[in-house]
Amino acid sequence: ATVDAAGNLSSWRTDTFRVVSGQAIDLLFVVDDSPSMCAHAGRVLDAFDAFAGDGAIWKADFHVGVAGMGGDRPGTLRAATAGTRPWLARGDDPTALRAMADLGCDGSSDGAEAGFDAIRRALSHPGLTVTDQPCEADADCCGGAEDCPYLCTDSRCGGPNAGFLREDAQLEIVVISDGDDHSDGEVGPFTDFLKSLKGYYNANMMHLNAVVSPGPEPCTVGELAAAEVGARWAEAATQTGGMQGSICDDPLALFRDIGQACFTPKVQYFLTALAEPATIAVKVGEAACLEHWRYDAPSNSVIFDHQDPADPCSTPPEGVTIEVRYRTLCLTA
């Protein structure tokens, strides 16, 4: 959805949202770059090649990026050519995906892969920060400070992943590893972070998908065994409703399942100012909606119940405009 806000000197405000097709998807591949992955690298790159060559998939409105788990900047999207935008969109040359996915296998140590941490870095600030500062090289950002979190990409300083994550796009994370996650902390707080990216009532807009060793013992390819069972990755996939595949099978099968998935409509719409709850009025197209939605005060958002696909006030259809009019809440000290 897109949102516009209209205001004037009175305390009334109207937020306008347009329901889009749901075919926009931000697809983040997070690849284990530890030494044990060298043995799987050829099959993984072949899967990326086949995925890039699937013309039907690329008709969707994709952002596709690849990040490693280790190295100097874990979670940083890898550009096909240094200094260029490190993710692909519809209309880009999909063959560049192989160069982005060729991470090598010396980024992290076996048994120390911190994939959860890499994903947090990839999908939070300063990694996503956008600035207007012009540049010709990385050294032009932050006055050349060595610990600068920004890079020079397409002649602008910003986080290395700036522009990748879109507010209204489906977010699909695909983890490819022959081991488990070894970040500090439990799985629950990590998946809570992921769910917060789209809003808890839009949980269907985000999934973590895992191509790992499913267990109970490490899977094998011929005489080659995976390093360890990906138990934490499997738990994260389960908690977010994601798909799971085996690193010892063809990863392409899961890539295609995700790329061809049908995306469900958005549930939650965040207002642009604090609303006085009793004054909220909702219209979907020309229909004034007195039910099938509710206001959630903690998140300052309107949530549709989506129980009846035939009722626009329950499930706003593609292309329709949603208007939320309300009196803004005046806060005093």
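Buried means under 20% relative accessible area, exposed means over 50%, and partly exposed lies in between, with a 1.4 Å probe and protein chains only. Valine 284, at 3% relative accessibility, therefore counts as buried.

This is a predicted model, in which local features need pLDDT of at least 70, side-chain atom pairs count only at pLDDT 80 or more, and totals for chains, interfaces and linings use all residues. Residues are numbered from 1 along each chain as its sequence is written, and side-chain values use heavy atoms, with hydrogens and water left out.

**View 1. The whole protein.**
The protein has six helices and 19 strands. Helices (H or I, at least four residues) and strands (E, at least two) are DSSP runs, numbered from the N terminus. The C-alpha atoms fill a box of roughly 70 × 50 × 40 Å along the principal axes. Buried residues make up 47% of the 333 residues. Contact means heavy atoms within 4.5 Å. Among contacts between residues at least 6 apart in sequence, 75% join residues at least 24 apart.

**View 2. Surface and charge.**
The protein exposes about 15,300 Å², and carbon and sulfur atoms supply 52% of it. Accessible areas come from the Shrake-Rupley method with a 1.4 Å probe; for residues, only the protein chains shown count as cover. There are 22 positive and 49 negative side chains. Lys and Arg count as positive and Asp and Glu as negative, while His and the chain ends are not counted. The centres of the two sets lie 8 Å apart. Each charge is placed at NZ of Lys, CZ of Arg, CG of Asp or CD of Glu.

**View 3. The largest nonpolar core.**
A nonpolar core is a set of buried Ala, Val, Leu, Ile, Met, Phe, Trp, Tyr and Cys residues joined through side-chain atoms within 4.5 Å. The largest one has 33 residues. Those with the most contacts inside it are Phe29, Phe48, Val66, Leu97, Ile176, Ile247 and Phe255. At least two residues come from each of strand S3 (24–31), helix H1 (41–52), strand S4 (61–68), helix H2 (96–101), S9 and helix H6 (252–259). H1 gives the largest share, six residues. Apart from this core lies another, of 25 residues, among them Ile119, Met206, Leu208 and Ala237. In soluble globular proteins, nonpolar side chains tend to be buried together.

**View 4. Leucine 97 and its partners.**
Residues up to four places away in sequence are not counted here. Leucine 97 touches Phe48, Phe51, Ala52, Trp58, Val64, Val66 and Leu88.

**View 5. Helix H5 and its cover.**
H5 spans residues 231–239. Its buried residues are Arg232, Trp233, Ala234, Ala236 and Ala237. Their cover includes helix H3 (115–122), strand S9 (170–176), helix H4 (187–196), strand S10 (206–212) and strand S13 (244–246). Just after H5, glycine 241 takes a positive phi of about 75 degrees.

**View 6. Glycine 70 in its loop.**
Glycine 70 sits in the loop between S4 and strand S5 (88–89). This glycine is buried, with a relative accessible area of 14%. Leaving aside neighbours within four places in sequence, glycine 70 is in contact with Asp33, Gly107 and Ser108.

**View 7. Two cis peptide bonds.**
Proline 126 is in the loop between H3 and strand S6 (130–134). Another cis bond joins glycine 215 and proline 216, where omega is about 10 degrees. Proline 216 is in the loop between S10 and strand S11 (220–221).

Aspartate 154 has a positive phi of about 50 degrees although it is not a glycine. Its loop runs between strand S7 (151–153) and strand S8 (156–158). At 45% relative accessibility, aspartate 154 is partly exposed. Histidine 306 has a positive phi near 55 degrees. This histidine lies in the loop between strand S18 (301–304) and strand S19 (321–327).

**View 8. Valine 284 and its surroundings.**
Valine 284 lies in strand S15 (residues 281–284). Not counting residues up to four places away in sequence, valine 284 touches Cys289, Phe304, Pro312, Cys313, Pro316, Pro317, Val320, Thr321 and Ile322. Valine 284 and arginine 18 are 266 residues apart in sequence and 9.6 Å apart in space, C-alpha to C-alpha.
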